[in-house]
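Let's take a walk through this structure together, one region at a time.

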Amino acid sequence: MKIPQERLRNFSIIAHIDHGKSTLADRLLEMTHTIEARLMTSQVLDSMDLEREKGITIKARAVRLDYLARDGRTYGLNLIDTPGHVDFSYEVSRSLQACEGAILVVDAAQGIEAQTLANVHLALREGLTIIPVINKIDLPSAQPDVVIEELENVLAIPREEVLLASAKEGIGIDAILEAIVERIPAPKGDPDGPLQGLIFDSHYDAYKGVVVYVRLASGTLHAHDTIRLMASGVESDLLELGVFRPQLVPVQALTAGEVGYVATGLKSVRDAQVGDTLTNAKAPASTPLPGYKEAKSLVFAGIYPLSGDDYPLLREAIERLHLNDGSFTYQPESSVALGFGFRCGFLGLLHMEIVQERLEREFSLDLIASAPSVQYRVVLIGNRGTLSVDNPAFFPNAGEIEAVEEPWVSLAVITPATYIGPLLELSTSRRGTFVGLEYLDPQRVLIRFELPLAELIIDYFDQLKSRSQGYASMDYEEIGYRAANLVKLDIMVAGEPVDALSLIVHRDRAATTGRQLTERLKELIPRQMFEVPIQAAIGSNVVARETVRALRKNVLAKCYGGDISRKKKLLEKQKEGKQRMKRVGSVEIPQEAFLAVLRIDDGAGR
Amino acid sequence: MSSVAEFPATEPAFGLYVHLPFCVSICPYCDFVVYAGADARGPRNRIEILVDALIVEIGLRARSGGTAGRADPARRPLSTVYLGGGTPSLLPVGSLRRILDAIRTAFGIAPGAEITLEANPGPDERGDPAAQAAAGITRLSVGAQSFAPAELKRLGRRHSPADIGLALDAARQAGIRSISLDLLYDVPGQTLDSWADGLERAVSLGPEHLSLYALSLDDPDAEGLTGPGGDHLPPSAGARRWRKRARPEQDDDRAAAMYHLAVHRLREAGFLGYELANWALPGHESRHNLGYWERRSIEAVGPGAHAFDGRVRRWNAARLDGYIAALLPGGGRQPSLPPGGEEILDSTSAAAESLILGLRLDRGVPLTAFLEPPFMDAFDWAVSAGLLEETGDTRVHLTTRGRLLSNELFARLI
C-alpha cells in the first residue's frame, strides 16, 4: 500500500543502554501488527548475536510500521534504529539526519545519561522533534517526577510533553504512537526533484552485494535505475529496492520522504559509506546532502592469530568482515614477538572489541590484540617533516624528535554527586584537565573534562564504572591535537627489544610504568635455562630492571615401567607449551605474558 | 642392545613385574595402585583372592607369550623378578611362596636371577625377612623415605627412623645381600640440613643401593588416568587436599641443591650414580630396573601393572574388582586376561623413547643415536647449554646440570 508523503513519519529512538529502547521497539512492532506476537523474538532489531548479548545495538536497523491512527487513517512510520554507543556517534548523526523526530527514552529509575544527552543535542542540531518518554514506570524504584525535573532542567523540555510508559508491561505505547503521528512533522521533499538519498547504514549480502539503507530527501527511485554515489563516485545498476518489514520486501519505487533499502550489487561497503548521497546516474542532483564524513579511525591495534598457522584464516576473516563493516581499516604488519598480523584502525575501543569478537566468533579464530594506541603526530628534527605514528614500535627515538602531538577529547561524565571526588581523581591521574561541573538535579552532576585520547582508551571506561559503582556514564568527542611530552618506552628481554611491548608514555611517568611492566613480566616469563634480565629503557637509558632467575630443575623424579607412557605425555605437553611460546632471541615467552601485559588494568597506565 | 634406528622386534620376557596393591595405610603423596585398611588386612581382606588371581594371570601371560598375544618364540627363564606395590613385604610368606612357585612353573627363573621385594620398615609392615629370603628373595628395596621424624609424620609413613636400621639388620641377618633404600627430597618442611643428615644416616647403615626421588605431587585425574580402564586409582579427597597444601612448600632451587649435595656425598661414599635417581655400589645396580631403561622385554601382572615386549606397552586396569572378575570368573567359566590397554609404538616414538631412557643412565647413549635428523638440533642445543657432554668412547651422557634439566632436552626429543 502506497502511503502519501503527508502520512509518513520518520523517527528514531534515543536511549541509554538498558533504558529500554529495544523493548519499546518490540512493542511498537507488536501494536502495529508488523510482526505477529508468535514470531516475536525478544529484541527483534538487535539481530546480531553479539548485540543481544551485550544488550546494545551496534548497527542501525530500520523497520516500516503501518499504524491505523485514532483519526481513522493509516500512517507509515519508519523507525530508524541507532547504535547506542559513543564509538558510533557519526553513524548516530546520519541516522538522525534521516528522521524528522526522535523518541527520547529515559529510565524512570536511572535518569538521563551522558551519551543520551549527547545524542539529544545531535538531534536538536538536526532540527528533530523530540518526544520525551519516561520508561519503566512500573519499577518500584521509579522516580518519574525527578526525571521530569531533570529533563526540564537539562534540556528545557516542558513537563506536559513528557509521556510515561512501561515498554515491558505495554503501558503507554498507544500514546507514543499517537504522539509520533501528531507531533512529528511529515517529511518534505519534491518527488519530482533530482534524486537525493541519504545512506544511513549498509550491510553486505552474498547475493545482492552491498545493500544500502536510504532515506530519500527528494526525487523518486525506480527499480531499474542506475545509481551513483556522490562521494565515492561509484555507479551501479541497482538490483532491487524495497522496504523493511522488518525483512526486506521489494517495491517498484521509493519516493521523497520514504525510507528503504537499495541492493546495489557493489562488492565493498567502502564504496557506499554511511553519509554518502545516492543519486540517479542519468539525472544526478547538483549537490550532495550535507554532513558526509569518512569513517575515521581513532584507536589502532595490531591483531594477530594466537597460532601463526592461522594467519591465512585471519586474512580471509578480516577481508570478509570488512565487506560488512567498512568503518575499520586494516593493513598487514608483522611483529618479532607476535608474528604476522594486521594493524587495524577502529572508531573507538568498543568498536575494536566488537571487531575482535566478531572475528573470533564468526570465524572461529583465537586472536591476540596488541595494546590499543592513538595516532601521534611526530615532528622530526632538522625539518625532516612530520610522521603519523599509530604503532609504538615505529615511534622514533627521542633524539630524532622535535615535537610530538597527540589527539585530545572533550569528555562529558554524568554521575551521582557522591562520586565526584573519585572521578576527578581519575581524570587528573590521566593527565586530564577539569573544565566545569553542573548539577542536573540535586543528586546528579555533569562534569566536563579534556583528556588525551590515549589515556581514555586504556581502561578509562572500566575505571569510571568501578569508581562510581557502575553509575557514571560518559561521552566524548575529538577536539584536535595538542603538544605532548611523550617518549617511547622499550622493553628488552635478555637484551633484545620486544616490539610488541613497546609503549608511548608521558616522560614523567616513564620510570614508574617501566617498573610496573618489568615487575609484571618477571612474574609472567617462566624461568629459562639461564638468567634473563628484563629492562625498560628510553633509548639507551635503562629506567627499570628485573631478573628472572635461571631454571634449576625440570626432571622426572622416577621412570620405571609404569611411568614411561605417562611421562611421555607429560613431556609432550611441555613440548606443546614450548611450541606455543614466542621466541625472542634465546628467550621463550609465553603468549599469556603478552596478553597479560597488554591487559594491564591495575592503573599501570600510561 | 639395539640401536635407535632399528625397530626392535618382540623379545621373550627378560624380567617379570608383579604388582601387590596392598598397604596398611595409604600415604597421601602416593600414586601407585594401592588398597589399604580393611581392604588389606581387615575382614574384607582380599589378599588371598588376589594371590589366586595373580597366579592365574601368571599362567595366562606365560602361555600368551609376547604382550600383544603372540606366541613366545623362544621362551627362556626370567633373569629378574620384581615384587612391587603397595607393600609386598606384608604378604604372608605362604602366599609369597605360591607366587614364586607359579612363576617358576610358568616362566622359569634363571639361576642367579635377581628377585626383588619391596618392603616398608615399620614393624607391622616389614614381614619376616628370614622367611622372605628362604622363599627366594635376593634383593630388598626398603621404603625409608626420610630419617627426620617430622618429615615421616608429614608423609604419612608408619615407621620411625630407628625402624629403618632395624629392618636392615633383620634383612642382613636373613642373608639378603643386596639392600636398597628409597629416600625422598623436596619434601614439605625439609631443609638442606635435614636432607644432608638423612643421607649421612642412610650411608652409615651400609645399603648397597640408594634411590633418591624428588617428591612429585601429580594429579592422575587431570592426566586422565583414572577412568574405568585406567591404570591409576583416583586420589582420595584427603590426598588431594594434602597435595594442594604441600605444593607451595616445595622449591625447585632447594631441590636442585639437595640433588647436587647427594651427587657429591654419594660419590665420596663410593656409590655410582648409574641412573638419574639411582646410586649403587659396583655390581649392585638393579638389573630389573636397568631392563626398563634399556627397553628390555618385561612382562607384568597385577592391577595397574605395565609390561613391554619391545614394541607394545601394555597395562592392566587399576580396579581390583574387574581384575579379579576376569581371572576368577567362577561358575566353571574360563578365566580371561584382565581389562587394560596398550600403546603400539611407531619407530619414531621408539627412537625418542630409547634416547630419553638411555640418557637417564650414566653410561648415556652412543653419539650415533643423535645422528637422526630430528635429534641433531636438540643435540647441538643441549651441548651448548651444558646439558650433554661427550665421553671419550663416542658416547654422550647428561651432565649433573643436564640431569636436573633433562626434561628441557627430552621435550625436544619427543
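This is a predicted model: local features need pLDDT of at least 70, side-chain atom pairs count only at pLDDT 80 or more; totals for chains, interfaces and linings use all residues.

Residues are numbered from 1 along each chain as its sequence is written, chains are lettered from A and ligands numbered from 1 in the order in which they are written, and side-chain values use heavy atoms, with hydrogens and water left out.

Start in chain A with an open sheet of six strands, ordered β2-β3-β1-β4-β5-β6 and mixed in its pairing. Helices (H or I, at least four residues) and strands (E, at least two) are DSSP runs numbered from the N terminus, and two strands pair if DSSP finds at least two bridges between them. At the edges of this sheet stand β2 (62-68) and β6 (163-164) of chain A, each with a single partner strand, so one side of each has no neighbour in the sheet. Strands of a sheet pair through backbone hydrogen bonds, either parallel or antiparallel. For a parallel example, look at β4 (residues 101-107) and β5 (residues 129-135) of chain A, which are joined by seven bridges.

Contact here means heavy atoms within 4.5 Å.

Now find helix α1 (residues 21-31) of chain A, which is mostly covered, with eight of its eleven residues buried. Buried means under 20% relative accessible area, exposed over 50%, and partly exposed in between (1.4 Å probe, protein chains only). Among the buried residues of α1(A) are A:K21, A:D26 and A:R27, along with A:L24 and A:L28. The buried residues of α1(A) pack against β1, β2, β3, β4 and α6 of chain A. Just after this helix, A:H33 takes a positive phi of about 55°.

Further along chain A is an open sheet of four strands, in the order β18-β19-β17-β20, with antiparallel pairing. Its edges are β18 (329-335) and β20 (367-369) of chain A; each has a single partner strand, so one side of each is left without a neighbour in the sheet. From one strand to the next, the twist averages 30°. Five bridges pair β17 (residues 299-305) with β19 (residues 339-346) of chain A in the antiparallel sense, and A:G302 has A:R343 as its bridge partner in β19(A). Helix α7 (residues 311-324) of chain A packs on this sheet, touching β17, β18, β19 and β20 of chain A, and its direction makes about 20° with that of β19(A).

Within α7 of chain A sits A:H322. Is A:H322 buried or exposed? A:H322 is buried, with a relative accessible area of 11%. Leaving aside neighbours within four places in sequence, A:H322 is in contact with A:V269, A:R270, A:F328 and A:Y330.

A:N280 is buried at a relative accessible area of 13%, and its side chain reaches the backbone nitrogen of A:K282 at 2.9 Å.

Chain B has 14 helices and 17 strands, and buried residues make up 58% of its 414 residues.

Finally, look at where the chains meet: 29 residues from chain A and 46 residues from chain B take part in the contact. Chain A and chain B bury about 3,500 Å² between them, 53% of it on carbon and sulfur atoms; buried area is the accessible area (1.4 Å probe) that two parts lose on being put together, summed over both. In chain A, A:M529, A:K553 and A:R566 lose the most area to chain B, together 22% of what that side buries.

Methods. Axes are lines fitted to C-alpha atoms, for helices over the stretch in contact, and angles run from 0 to 180 degrees between N-to-C directions. A polar contact is a pair of N or O atoms within 3.5 Å; within protein, one must be able to donate a hydrogen and the other to accept it, and residues adjacent in sequence count only if both atoms are side-chain atoms.
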